[in-house]
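This report goes through selected features of one structure. Please look at the sequence and the model before reading on.

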Amino acid sequence: MTDESVGTVYVAQGGDWDEIVRAQADRGDETIVINMGPQHPSTHGVLRLILEMDGETVTSLRPGIGFLHTGIEKNMEYRTFSQGSTFVTRMDYVAPIFNEVAYCLAVEKLLDMKVPERADVLRVLFMELNRIASHLVAVGTGGMEIGALTMMTIGFREREMILDFFEAVCGTRMNHAYVRPGGVSIDLPDDGLPRLKGVIDWLHKHLWEYGAFCNENPIFKGRMKGVATLDLTQCMVYGASGPVLRAAGFPWDLRKAQPYCGYETYDFDVITWDTNDAYGRFRIRLAEMSESLKIVEQCYDRLEETTGQPVMVEDPKYAWPAQLTVGADGQGNSNEHIKHIMGESMEALIHHFKTVTEGFRVPAGQAYAAIESPKGELGCHVVSDGGTRPYRVHMRDPGFNHLQAAPAMCEGAMISDVVVAVASLDPVLGGVDR
Amino acid sequence: MNAYVPILGLMALAALFLGVSIFASVHIGPDRYNKAKYDTYECGIEPTPQPTGGGRFPVKYYITAMLFIVFDIEIVFLYPWAVAFNQLGVFAFFEMLMFVATVIIAYIYVVRRGGLTWE
Amino acid sequence: MGIEDKLPSGVLLTTVEGVIGWLRQASFWPATMGLACCAIEMMAFGAPRFDAGRWGQEVFRASPRQADLLIVSGRVSQKMAPVIRQVYDQMPNPKWVISMGACASSGGMFNNYAIVQGCDHIVPVDVYLPGCPPRPDMLIDAMFKLRKGDVAHYPIGPDRIAADEAAEQAALVAPSTLEMKGLMR
Amino acid sequence: MTEPSSADLAEVKAAASAPAREVTRQGMWGHGSGDTSGYGGIVRSFERFPRADRPYGSYFDEIVDRLHGLLPGMDLEHVVVAHDELTIFVPKADLLDVLTACRDDALLRFEVCVSVSGVHFPDMVGEELHAVYHLLSITHNRRLRLQVTCADADSHIPSSVSVYPMTDWHERETYDMFGIIFDGHPALTRILMPDDWDGFPQRKDYPLGGIPVEYKGAVVPPPDQRRSYS
């Protein structure tokens, strides 16, 4: 029944149902293009997913990123090496300590510098606490997006405990700039260890709740099982790492494979799951939180043994000079340090002045340091050409790689599974867009 | 009579709420015209221009919507019975069964003719 | 326009205005415009410990159609600027904007090609909130200042038209910060 | 990007052979800046990517020998070993063969190309744009860095998406930020910047784009125009 002037016109009487449906199918304007755009509650930040939908199933998905591109890497080329840690920490803002450690490991590799043992223990402690906080956000928002609101509330309750400890030590809840090339900026406060004990006990008391809520919950399993599957070959094709790769049953963890910061001396095990789907990634994140808690306890004992040891490298030319204490008007240089540099030693004043204004000079060359962030392999490639400022810094964010796998996970699935897929990848757009 | 007073009260309350809210939003809210305000909301992206009147959309949506309305109304009829079926006794039960049977026949017809398959 | 024009612009109007202002400030719903690090603090602001629900703010409306407050939380990149303007436009009046954090208020530490130096280049801002990121209780304080000030006494009817014109005149006359000279204070 | 004429290409070939990697640096002050402290007299010169000589150490010799064995005619002489990392400079024409060999050969087996990032050296005439490929071998638990250079005038590098599909977005970002055109890439468009942005922001000749911060008469210039002690 086609009439040239108007285009294909369908007359409903007499024609059989199948013919109508078949003719309808090949008309082509079947699919609708929808924007799961930058301002959307469940895209974990400003990620735009261009979905082509046929009814409720997704026929094609194209992630659009760049809505949070901040030009951090270019800005760092105009700052000294130790100032770089303040920029890097704002990239993946859910796990800031990992950016700082990756950057500092790369700079220390360029300087062939060895960090004192207590600084390594503090770095591991902060990284593992930050891993728990990051997994709590991933599990919390992931659960909230499929209706489990309590996951978000209890998730953020635990996270506040960890942020309180961070604030007590380095002064800020987020964006700490705590780890600097050469060590860490400040030692634990006097009540640091009792506070840490409090956080550990609180986490022991409450970390099991997440599993109790969701592991055997039929709705949770129904929404997560068999959704967003990425088997081992696909993981290799997309260069996946972290929980996404371990959910495919492959125990690849940089903390075990290529240890850094003394990880080889801690005992913890690598969690894998074999169902390579969103449920597997969720279970891995839960189990990894308790593994991190085990490491935090070992750090607690080591911190007890090494109290009083330096937390910054000895060499005054590279060490960050400030000895910070909480003064009357907030954090600042301790009076002994000021008396020492102003009164007692001229060299200390020169080193302080030169390191703070000009920064230390890093010999020319390039280095790549990769660490195991909660989302996967976070690498930092630093190029220096002999000056006091990095020539080029490139942070390889796991979320950037994992978002490439989003189309492979979501095409053919329902639109509600797209939400679960993106939540299971746990991209943080600050790190993806840099 | 007194059984109906709460229902009437409820309806009056609903009407009152409806009137006040519409009147308030029309008169109290500062309406400032803005072309973007009347565009469709696409998560912050300028909406792709649609043909006027919404353009042609596949007939499957229309069919699914119609079928939904038919079976939804059927459930509405079941509610009064479901609320008081023990007072109504066995006769009402069989009556309801016949009503459900007629709708089941329509349902089987639709399933056989492929109304519910999406492709 | 409505009954207020016929009534004397005296007692009744202020009481109606007071009631409506009180209603508005009691359910002051923010739109989720989470951009960067400040968005995590905004989520903590909605989470149980700093619980914004105590003042009618527990619902972060996803669509701007149901929101009266736009919290621009995080750095605004050049690619994101038109999106923020579109979301602001699609919010029904009366609407307010809190620019949360240094990056939203002034570009913050990212003085470069990719960041719009302050979201007041795109949307009219009512409250600038310093901090990087501002603590959730600072956000609560900003929301309180906005509620007590603008929302509670938002004029309606002819007063609002008069207030709009007065605000416009004031904006035209006010010197831009460029010409403000003198001590840094 | 207008197609570079053959004359440019010839001139670029000539420049490429010259060892442009010697960098000399003068001290900051002195020579006309009124500073008499003599600090300006310090002259530092270093070679940017110094070639390492034969026994490279740990597993590096294995990799280089294996690559030489698999690709005999290839010029893989420029090897840099620093901070226990191996960097091999690969001529851009042979990039795909080297990558395929690195991925498929059982002894090398670099399954993951972790990242592709660009670096811009404006003073290295003839090879201003570098693309840095980081490879990771999960089976042998090794890392390797391949570096490919191309001139600014002819900034074309073959795309490695056919060998490592994971580099799709990395190459789009390197194009978006440096202007290196990856031939054969399925969809080489901007990924981070708005689509209609002109210029490639992370090149050294692209200004940082900051604005002077003014407040009540005080003007603080943007970061790249402030006094710097590089």
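## Terms and numbering

Helices (H or I, at least four residues) and strands (E, at least two) are DSSP runs, numbered from the N terminus. This is a predicted model, in which local features need pLDDT of at least 70, side-chain atom pairs count only at pLDDT 80 or more, and totals for chains, interfaces and linings use all residues. Residues are numbered from 1 along each chain as its sequence is written, while chains are lettered from A and ligands numbered from 1 in the order in which they are written.

Most residues other than glycine have a negative phi, and most peptide bonds are trans. D:S58 is not a glycine, yet has a positive phi of about 30°. D:S58 sits in the loop between β2 (43-47) and α2 (60-70) of chain D. A residue is buried if 20 or more other C-beta atoms, placed from the backbone, lie within 10 Å of its own, exposed if 12 or fewer, and partly exposed in between. D:S58 has 11 other C-beta atoms within 10 Å, so D:S58 is exposed.

D:H83 also has a positive phi, near 45°. The loop between β3 (79-82) and β4 (85-89) of chain D holds D:H83, which counts as partly exposed because 16 C-beta neighbours lie inside 10 Å.

In chain C, the peptide bond from C:N93 to C:P94 is cis, with omega near -10°. C:P94 belongs to the loop between α4 (81-89) and β3 (96-100). Another cis peptide bond joins C:C132 and C:P133, with omega about -10°.

## A sheet in chain A

Strands pair if DSSP finds at least two bridges between them. In chain A, 3 strands form an open antiparallel sheet in the order β10-β11-β12. β10 (365-373) and β12 (392-396) are at the edges with a single partner strand each, so one side of each has no neighbour in the sheet.

β10(A) pairs with β11 (376-384) over 9 bridges, and the two form a hairpin with 2 residues between them. Across this pairing, A:A369 has A:C380 as its bridge partner, and A:A367 stands opposite A:V382. Is β11(A) mostly covered or uncovered? β11(A) is mostly covered, with 9 of its 9 residues buried.
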